[in-house]
Amino acid sequence: MTLVEIFTDGACRGNPGPGGWGALLRSGGNEREVWGGEVDTTNNRMELTAAIEALRALRHSCEVKLTTDSVYVRDGITKWLANWERNGWRTAAKKPVKNKELWQALSAEVARHDVKWFWVKGHSGHPENERADQLANRAIDELELDHASNRS
């Protein structure tokens, strides 16, 4: 099984506001960058989307080391998801799980692979996390440019 390292990040200007996600995928000597954005979103949604889209970019089942700076994503997928599913997508406080459709999409993508989750402190100089952050911000810049050009 091919080993792929993935580094993801999400960003938002305002929360909610325009947001972007970015991911760096590395396997062997090859690297691939993917990114995208949404006009009105939240930081947590972009963090989740980064992981989802990075895993979707893999054509075959892989062994994945996925590094995120989001405790929300890491703990959600490794600690909370099973209970949410068992409790009909309700939290321990009996409230609906936020971003349910994204958690379901992430769960489906994770099921295709052998994923190990890693956390790194954001904005701490970790080179691959910094690159993922740059991609997420690039996506927001592109959204804002598109929006500005559509107004002229």
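Me: Buried or exposed: which is Asn 99, and how do you know?

Reply: Asn 99 has a relative accessible area of 14%. Buried means under 20%, exposed means over 50%, and partly exposed is in between (1.4 Å probe, protein chains only). So 14% puts Asn 99 in the buried class. Before we go on: this is a predicted model, where local features need pLDDT of at least 70, side-chain atom pairs count only at pLDDT 80 or more, and totals for chains, interfaces and linings use all residues. Residues are numbered from 1 along each chain as its sequence is written, and side-chain values use heavy atoms, with hydrogens and water left out.

Me: What is the phi of Asn 99, and where is Asn 99 found?

Reply: Asn 99 isn't a glycine, yet its phi is positive, about 65°. Its place is the loop between H2 and H3. Helices here are DSSP runs (H or I, at least four residues), strands likewise (E, at least two), and they are numbered from the N terminus. Most residues other than glycine have a negative phi, and most peptide bonds are trans. Lys 94 has a positive phi as well, about 70°, and is not a glycine either. Lys 94 also sits in the loop between H2 and H3.

Me: Buried or exposed: which is Lys 94?

Reply: The relative accessible area of Lys 94 is 62%, so Lys 94 goes down as exposed.

Me: Where is there a cis peptide bond?

Reply: Asn 15 and Pro 16 are joined by one, with omega about 15°. Pro 16 is in the loop between strand S1 (3-12) and strand S2 (17-27).

Me: How many aromatic pairs does a search of the whole structure find?

Reply: Four. Rings of Phe, Tyr and Trp (its six-membered ring) pair if their centres lie within 6.5 Å; planes under 30 degrees apart are stacked, over 60 edge-to-face, and the rest tilted.

Me: What makes the pair of Tyr 72 and Trp 103 edge-to-face?

Reply: The centres are 5.3 Å apart, within 6.5 Å, and the planes are at 70°, over 60, so the pair is edge-to-face. Tyr 72 belongs to helix H2 (residues 71-86) and Trp 103 to helix H3 (residues 100-111), so the pair ties together parts 31 residues apart in sequence. Both of these residues, Tyr 72 and Trp 103, are buried.

Me: And how do you know the class of the pair of Trp 84 and Trp 103?

Reply: With ring centres 5.2 Å apart and planes at 65°, Trp 84 and Trp 103 make an edge-to-face pair too. Trp 84 in helix H2 and Trp 103 in helix H3 are 19 residues apart, and their pair links distant parts of the chain. Ring pairs join Tyr 72, Trp 80, Trp 84, Trp 89 and Trp 103 into a cluster.

Me: In what sense do S1 and S2 pair?

Reply: Antiparallel, over eight bridges. Two strands pair if DSSP finds at least two bridges between them, so eight will do. Asp 9 stands opposite Gly 22 in S2. The hairpin of S1 and S2 has four residues between them, and Gly 14 in the turn has a positive phi of about 90°. S1 also pairs with strand S4 (residues 63-68), in the parallel sense over six bridges. There, Leu 3 faces Glu 63.

Me: In what sense do S2 and strand S3 pair?

Reply: Antiparallel again for S2 and S3 (residues 30-41), over 10 bridges. Gly 19 stands opposite Glu 38 in S3.

Me: How does the span of helix H1 agree with what it should be?

Reply: The expected span is 1.5 Å times one less than the number of residues. H1 (residues 43-56) has 14 residues, so it should span 20 Å, and its end C-alpha atoms are 20 Å apart, which agrees.

Me: Which residues line the second largest pocket?

Reply: Among them are Tyr 72, Trp 84, Asn 99 and Trp 103. By class, the lining has five nonpolar, four polar and two charged residues. Ala, Val, Leu, Ile, Met, Phe, Trp, Tyr, Cys and Pro count as nonpolar, Asp, Glu, Lys and Arg as charged, and the others, Gly among them, as polar.

How values were computed. On a 1 Å grid over the protein atoms alone, a cavity is a set of points where a 1.4 Å probe fits but cannot get out, and a pocket is an open set with protein on both sides within 12 Å along at least five of seven lines; lining residues have an atom within 4 Å of a point.
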